Amino acid sequence: MASASTKAVTTKSILKPVMTLKGHRDHISSISYFPDCQRMISGSSDKTTRQWDLKAGKEIEEAWGVCEGMVWAVAVSRDGRWVVTGGGDLNGELKACEVETGIVKTFKGHSDEINCEIICIDISADNTLLASGSFDETARIWNLETGKLVAGPFKSGGYVGAVRFSPDSKKLAVKLDLGTCLEVWDVQSQKLDVRIGKASGREVALTPIFWTNKNKTIIAAFEFSFPADSPLDVFDSAKTIYEFDAVTLETVGAPFEGHTKFIGGLALSSDGALLASASDDNTIKLWAFESRQLLASFDVQDPRRLILSSDSRELAYTTSTKDDYKISICDTPPDILAQARTIARKKSARRDLLNFDATRRPPAGHRRPPISAIPMAPRPPPARDPQQSTFLRLSKFFRFSPRTNAVRNDQHRDPLDFSATLPLPRPLSGSTSTQGRSDMNPGQSSRPLPTTRSSATPPTTFADPIHHLSSCVSHTKY
């Protein structure tokens with residue numbers, strides 16, 4: 001099944017830098033923004049770290065640093081207090097400089113091993129912990145304040161190319177080699193939670209990984225079908241980006257497909273809306289993370305590392321061509337950023353609506369508790385006399401207006417045999433009406449009504465008007 005990303009209509013053009021930073025004399029391995037986005041630090045194989053003034057567009061020469069070996073990784077804490085560098089030349093070199101005081105701390109532990117260069121680092125969201133990965137096939141966690149080892153070594157069985165704390169710092173994700181193995185470790189218990197893939201132990205990629213969706217998933221450029229014993233072809237590995245469930249490491253949703261060669265740079269915006277990738281196929285691509293839609297593809301010659309500013313308005317990438325090593329800074333296309341954020345908002349609103357609806361529904365198999373009520377003694381049915389006339393029983397439910405000055409007629413006939421068109425008679429003068437009464441003698445017979453009457457004689461009262469009642473009821477609508 002084709003993924004959503006392969007069907008999207010994209011913009012393909014040249015990404016024009018607004019600023020270019022030059023000074024390094026070898027491959028630039030890592031770059032990182034300071035929190036204010038006004039400065040940047042870079043590390044290179046030329047064994048130097050450099051800081052850059054992004055307003056002036058030039059290097060801050062007094063911040064230039066020299067290391068014992070090549071610099072593989074640089075990072076700045078979110079509060080701007082710490083600048084950390086990792087690298088070395090066979091012997092691992094991991095240092096943290098406190099920006100305000102200039103005090104430098106050295107972290108020792110990886111250096112106990114042979115070929116223990118520090119390849120990757122990450123600083124926790126609360127700025128207290130430092131994670132490092134090395135050629136010694138281990139990851140370790142340090143206290144930034146004291147410089148002491150607090151967890152690890154986490155032995156992985158492959159070169160550690162990327163480490164990343166979960167936002168709550170309870171888990172550490174570790175990517176090995178060329179993206180053929182991914183692990184999740186529990187920081188407190190220092191035990192492996194889950195692993196997918198297999199490490200080859202022959203080569204390493206510095207492509208970063210990211211936690212997403214509130215600690216629930218991990219983003220990584222990954223290669224499932226790269227056999228450990230196959231001839232090494234870096235350009236053919238890890239050219240697809242996947243989202244993994246952090247608990248099971250099963251893939252979630254569609255992959256990000258579009259690159260045709262190895263992905264060496266990956267960046268996720270701070271709000272999780274925009275994903276950027278750089279590949280050896282000489283393109284930089286921008287994706288809507290939530291929908292996997294490929295929003296834009298730019299032709300860039302030999303891109304390596306890639307980062308986004310904290311507000312996602314700037315995109316910085318490195319290129320390495322013969323004797324030309326530079327950092328290019330571009331404005332993120334506003335329409336692309338807006339489109340990615342709109343997609344993210346709609347997806348989030350849809351999720352919130354579904355979650356709200358789910359909380360209102362009782363779970364499957366759930367039954368509401370019975371409503372408590374005050375017990376009451378059953379009321380006995382009313383006594384009924386089977387000999388009581390039909391009229392007397394109905395008279396309890398229907399009331400009739402009495403009429404006076406009625407005259408009796410001595411002609412006897414069936415009490416139900418009279419015309420339904422006769423007007424309602426009035427009772428005899430001085431007589432008592434029996435309508436609505438239940439004390440009438442059931443055996444008492446009613447006198448019949450006359451079939452004709454004089455114009456001077458008032459209508460006669462009848463004692464049992466059931467025929468007239470049935471005529472009225474038959475015309476009532478319910």
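Is Arg50 buried or exposed? I looked it up: Arg50 is buried, at 5% relative accessibility. The cut-offs I used are under 20% relative accessible area for buried, over 50% for exposed and partly exposed in between, with a 1.4 Å probe and protein chains only.

Ground rules next. This is a predicted model, where local features need pLDDT of at least 70, side-chain atom pairs count only at pLDDT 80 or more, and totals for chains, interfaces and linings use all residues. Residues are numbered from 1 along each chain as its sequence is written, and side-chain values use heavy atoms, with hydrogens and water left out.

I took a salt bridge as a side-chain nitrogen of Lys or Arg within 4 Å of a carboxyl oxygen of Asp or Glu. The count is 16 salt bridges.

Arg50 pairs with Asp46, N to O 3.9 Å. Asp46 is buried too, at 14%.

Next I checked Arg81 and Glu145. Their salt bridge spans 3.0 Å, N to O. Arg81 sits in the loop between β8 (70-76) and β9 (82-89), and Glu145 in the loop between β14 (138-143) and β15 (149-155), so the bridge ties together parts 64 residues apart in sequence. Strands here are DSSP runs (E, at least two residues), numbered from the N terminus. Glu145 is partly exposed at 43%. Arg81 is partly exposed at 30%.

Then I looked at Arg304 and Asp280. Their closest N and O atoms are 3.8 Å apart. Arg304 is in strand β27 (residues 303-308), and Asp280 is in the loop between β24 (274-279) and β25 (283-288). Arg304 is partly exposed at 28%, while Asp280 is buried at 15%.

Definitions and conventions:
Helix = DSSP H or I, 4+ residues; strand = E, 2+ residues; numbered from the N terminus.
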